[in-house]
2 protein chains.
Amino acid sequence: MPATILIGVFAEIPKLRPYTLLIHGGAGNITELSAERERLLYTGLEEAFAAGEKVLEGGGSALDAVCAAVCVMEENEGFNCGRGATLNADAVVEHDAAVMFEGHSGAVCGSTHARHPVLFARAVLERSPHVFLAMPPDSLLEEWDLERVANDYFVTAERAEQLKRVQAAEAIAEPHGTVGAVAIDRNGHLAAATSTGGMENKKHGRVGDSPIIGAGTWAADGPHGVAISATGWGEMFIEGAVAHEIQARVRYLGQPLAAAGEGTLSDEVGTRGGYGGVIIMGSDGQAAAAWNSTHMISAWRTESGVHTQLA
Amino acid sequence: MPATILIGVFAEIPKLRPYTLLIHGGAGNITELSAERERLLYTGLEEAFAAGEKVLEGGGSALDAVCAAVCVMEENEGFNCGRGATLNADAVVEHDAAVMFEGHSGAVCGSTHARHPVLFARAVLERSPHVFLAMPPDSLLEEWDLERVANDYFVTAERAEQLKRVQAAEAIAEPHGTVGAVAIDRNGHLAAATSTGGMENKKHGRVGDSPIIGAGTWAADGPHGVAISATGWGEMFIEGAVAHEIQARVRYLGQPLAAAGEGTLSDEVGTRGGYGGVIIMGSDGQAAAAWNSTHMISAWRTESGVHTQLA
């Protein structure tokens, strides 16, 4: 059994309002971050959080809020999702995304032309009898009134350069980077959304945990329900059924959110040699973030304003 | 909330040996079954069970046993997997399969040329850094020494006729039919395998619960570990994280296997208007099957020999 990489770090987030959200922009062991990238990430977190909170303040649903927050990050080149996502081994951007709300879910993997993969996942929930589509045909974008762009739109110079370095073995592909949001609305409903370009230099068709309900994304209403979005080394999150394991510890063991998140990361991800993080929203508006990597890019509201962190 | 379709039915299977297996050939509300199909299913169950048991008797691993059993059913035209699987809306057979053993998993969805999709899933576990590949390229079959066949090999006259009737609205596509096996070996390790053609007339790329770890397939070792393979209306099994929910009820609530299976089907599948079944193997060799459909095609060993059932 591989050694645990890092001991869990977690944050209990106080309940300040009956409706709130929590977002993340990826977890990992980041070794270098340019000033430009850092600026992009801080701006992205602030704008995404504000977009989600505005929906909730206006009485919108938790699903509307998490989609609004994730859409902002999908437009921001700093995050590994939407525009600026990592490239696969064929230098193509393949997006995975999922949403869950009121017991129902929608997910896509291998999306290549939807400008907002999270809205593609939402359309699977709302407009299809299915819940998970792999390599969905582009014809669905028109059928479901979703914005279509060329795959090149997503490719940034920085990611293209990074792929060359990884393929020339000058750099290591970091298995991190995913964005997500969890929220509770005025009606007490929970929602989660996750969106990613997946692992850099991945084989065509590799699916990580993001679009897997119960692994990278989860939301259940009710007294012990939680909403979860995960980020990290997806393979271990799938094998540990991380999001649903956290739900089970909260529901059946009565654990606080942060303890359930930290224990699950340690038992299911750390013991497999992996790392990453999760954001968790409880059915009473209490929230938590837990990670076992050096970085957990995230944002939440505190008494003194919106807290944004890259480390 | 839709009404529960049927009340749960379940079977507690006595522990007779330290190593054993349990297989299923699909669950559903079957309205007609030709004598020829019935004969194929009974023969398939008997041969598949014998193949798996032979592996365990010879000291083989639980993973070898579940793969052996599923391979037999993949060759048998009576089941919705391998040869004889349902056709998608484009009249192509797209297989989904997964395996899990010793905390690690492998899965494929949209496989179109692997003669044995379950062995493709196993190769993802054993030969790839990934755990889930969607629409995996055929080049992997050669790279991993797996037998490749034309997609036509899988297409039977009966399934082609059935698709025409469904597309002409003369018949209803039944969202059932999947095969699976769970086993415990002499070393006390648990394994699960699931293989399917998925929902008849499905959209290209639709993924059901079979290849989703924690939904249709699961195995965890240890004192409260269980191995699970599910069959039924996949969308609801994904949204309910059915396999992992059963694991959680066994581990954290101390429920007997049959009660955990029946309760989960009722709470997570029935309330969503769905139906299906699960087979469950416990870490002590105790097993159970649970279903909320009229039929649960399955086989297990009893004191008087191997029990096979279509109803």
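This is a predicted model: local features need pLDDT of at least 70, side-chain atom pairs count only at pLDDT 80 or more; totals for chains, interfaces and linings use all residues.
Colleague: Do the copies meet through the same surface or through different ones?

Modeller: Through the same surface, because 100% of the interface residues of chain B are also interface residues in chain A. Chain B brings 36 residues to the contact and chain A brings 36 residues.

Colleague: How much area is buried between chain B and chain A?

Modeller: Interface size is often given as the accessible area that is lost when the parts come together. In this model, about 3300 Å² is buried between chain B and chain A, and carbon and sulfur atoms give 64% of that.

Colleague: How many salt bridges and polar contacts are counted between the chains?

Modeller: The count of salt bridges between chain B and chain A is zero, while 19 residue pairs are in polar contact, both residues at pLDDT 80 or more. On the side of chain B that touches chain A, at least two residues each come from S4, S5, helix H6 (234–239) and helix H7 (242–253) of chain B. H7(B) gives the largest share of that side, six residues.

Colleague: Next, the sheets. What is the strand order of the eight-stranded sheet in chain B?

Modeller: Strands of a sheet pair through backbone hydrogen bonds, in a parallel or an antiparallel way. The eight strands in chain B form an open sheet with mixed pairing, in the order S5-S4-S3-S7-S6-S2-S12-S13. Its edge strands are S5 (132–134) and S13 (305–309) of chain B, each pairing on one side only. From one strand to the next, the twist averages 10°.

Colleague: In which sense do S4(B) and S5(B) pair?

Modeller: They pair in the parallel sense over three bridges, S4 of chain B being residues 104–111. B:Val108 stands opposite B:Leu133 in S5(B). Helix H3 (residues 117–127) of chain B packs on this sheet and touches S3, S4, S5 and S7 of chain B; its direction makes about 135° with that of S4(B).

Colleague: And which strands stand at the edges of the five-stranded sheet in chain A?

Modeller: That open sheet has antiparallel pairing and the order S1-S11-S10-S9-S8. S1 (9–13) and S8 (217–219) of chain A stand at its edges; each has a single partner strand, so one side of each is left without a neighbour in the sheet. S1(A) pairs with S11 (residues 287–291) of chain A over five bridges, in the antiparallel sense. The bridge partner of A:Glu12 in S11(A) is A:Ala288. Helix H7 (residues 242–253) of chain A packs on the sheet, touching S8, S9 and S10 of chain A, and its direction makes about 140° with that of S9(A).

Methods:
Residues are numbered from 1 along each chain as its sequence is written. Chains are lettered from A and ligands numbered from 1 in the order in which they are written. Side-chain values use heavy atoms; hydrogens and water are left out. Two strands pair if DSSP finds at least two bridges between them. Helices (H or I, at least four residues) and strands (E, at least two) are DSSP runs, numbered from the N terminus. Axes are lines fitted to C-alpha atoms, for helices over the stretch in contact, and angles run from 0 to 180 degrees between N-to-C directions. Contact means heavy atoms within 4.5 Å. Buried area is the accessible area (1.4 Å probe) that two parts lose on being put together, summed over both. A salt bridge is a side-chain nitrogen of Lys or Arg within 4 Å of a carboxyl oxygen of Asp or Glu. A polar contact is a pair of N or O atoms within 3.5 Å; within protein, one must be able to donate a hydrogen and the other to accept it, and residues adjacent in sequence count only if both atoms are side-chain atoms.
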